Amino acid sequence: MDRSVVTSTVRTLWDDDIVPSLSQLVAVPAISPAFDPDWEEHGELAAAIEHVRTWITSRELPDVTLEVVQLAGRTPLLVVDVPAFGNSGDDTVLLYGHLDKQPPVGGWSEGLGPWTPVLRDGRLYGRGAADDGYSGYAAIAAIEAVRAAGGSHSRCVVLLETGEESGSPDLPAYLEHLSSQLGQVSLVVCLDSGGSDYDRMWLTTSLRGLVQVTATVRVLEGGLHSGMASGIVPSSFRIARVLLDRLENASTGEVLVPEMHVEIPAHRLAEVREAVEAAPGALWGAVPRVGDLQPVSSDEVELALNSGWRPTLSVTGAEGLPLPDDAGNVLRPFTTLVLSFRLPPTADAAAALEAVKQRLTTDVPYGATVELSRVEFADGWNAPELAPWLSATLDEAGKEIFGSPWRTVSLGGSIPFMGLLHEAYPEAQFLVTGAVGPDSNCHVPDEWLHVAHATRVTEAVALVLDAQSRQN
């Protein structure tokens, strides 16, 4: 395969075709269903799929089949089936991305907005540009580049869902529905990730699991005058603090639930050390901190392990606490806290959840009532070891495309699709990568895509597709 043709094809596609179309996609407010209960009536998810479907159709790839699949009551899915090129194998490469977006949120910088695409200094601003609207474009561009350069690729299926930001609740049903159509998946390429800088290719080798519980401590049927009731009626907030102390060491942040801890594999520890050495300061440098705030640890390796392989607890929501201007002298009847745990990739999320329930509801101080609601849990994912051909190809991409060796990250978030696919295709290789960097602002104001980095990632995927086809 002619490497120079790969480069020229990908870069021309990004400059002339992808950036203009992706900009139009940014303008579509395709908010994920969890944040838009009336998503079907609004039609924006369908509009996003139609926009990308139209663009792919315009590429005129021979014998490509495009199908919008929508099971009853579920979000739509775009499936693009590209026949093998220069390859007689019967396996499938699955390239994954998503078209749904996080809600817009406020606080965007002047001149920017969630649905206002702005290209400035090589950055494409707007909701869904980096997370993850570019993925379908990159997948198709990589396939086109392989063909233009005289390479080969196995049958490729590009799968773009519209529920990822809601936890991919519909994907199990779709995987079952499409199982015979997908066939023998030997390689999964996920473009919904990123890394610690824009100087190299980053592979996500593990994803944390999660446990989330909304806990309400209830002590009264209604509020009472605090001057009369305090000292007689126990504070629901104080009881909540006692219960939290069963879950977390308030001084150190260490999670005290044994079921949430695992032994960190030696090769993952080595990868973390290499990653920190490659991008020193990246983890803390992108944090928009206030004043003289210090990190949890001064050791960057410890910070990386904390965010990738150790459990953490964040209180992400509360109810029963009035705003300061509305707070009277009232002993409140209840306190509700949303407890969000991130789990190590190999932890048993179901067992962890049961341990949390036990600690929150057993021997509650003063016999207070504890109600648990909005319970959610999901296992993490630990990638299989890279095959020699894939490792060698990534070495080549690092040298020829990025000018720096590839490194790995243990991502603190979750991509439910990876665990589902790994379970369905345990023998497949996984390339989980992407164009998101530490300051790409995914999920928050001023989200942006590093266009040049996305272009390089696309080139690297083209190399991987060609190398994979030669393994047959």
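UniProt positions are given here in the numbering used for this model, with feature names shortened, and such annotations may be inferred rather than shown by experiment. The model is predicted, so to speak of local features pLDDT must be at least 70, side-chain atom pairs count only at pLDDT 80 or more, and totals for chains, interfaces and linings use all residues. Residues are numbered from 1 along each chain as its sequence is written, and side-chain values use heavy atoms, with hydrogens and water left out.

**Stop 1: the annotated span.** Select 207-363, which an unreviewed UniProt entry annotates as "domain: Peptidase M20 dimerisation". Its end C-alpha atoms sit 34 Å apart, and the span is 34% helix and 21% strand. Helices (H or I, at least four residues) and strands (E, at least two) are DSSP runs, numbered from the N terminus.

Now click on Asp-363: its phi is positive, about 50°, though it is not a glycine. Asp-363 lies in the loop between helix 11 (349-361) and strand 14 (369-378).

**Stop 2: the cavity.** Searching the whole structure turns up one cavity of 30 Å³ or more. A cavity is a set of points on a 1 Å grid over the protein atoms alone where a 1.4 Å probe fits but cannot get out; a pocket is an open set with protein on both sides within 12 Å along at least five of seven lines, and lining residues have an atom within 4 Å of a point. Points are joined across faces, edges and corners, and volume is the space filled by probe spheres set on them.

The largest cavity has a volume of about 70 Å³. Show its lining: Ala-215, Val-217, Ala-240, Leu-243, Leu-244, Thr-335, Leu-337, Leu-339 and Leu-360. Strand 9 (209-218), helix 7 (236-245) and strand 13 (334-343) each give two or more of these residues.

**Stop 3: a pocket.** Next, select Arg-268, Glu-271, Pro-384, Glu-385 and Leu-386, which lie nearest the centre of the second largest pocket, out of 13 lining residues. This pocket holds about 160 Å³ of space. Strand 8 (202-207) and helix 8 (266-278) each supply at least two residues of its lining.

**Stop 4: two helices.** Finish with helix 1 (residues 3-26) and helix 4 (residues 129-148), whose axes come within 9 Å and cross at roughly 145° (axes are lines fitted to C-alpha atoms, for helices over the stretch in contact, and angles run from 0 to 180 degrees between N-to-C directions). While in helix 4, pick Asp-132: a cis peptide bond joins Asp-131 to Asp-132, with omega about 10°.
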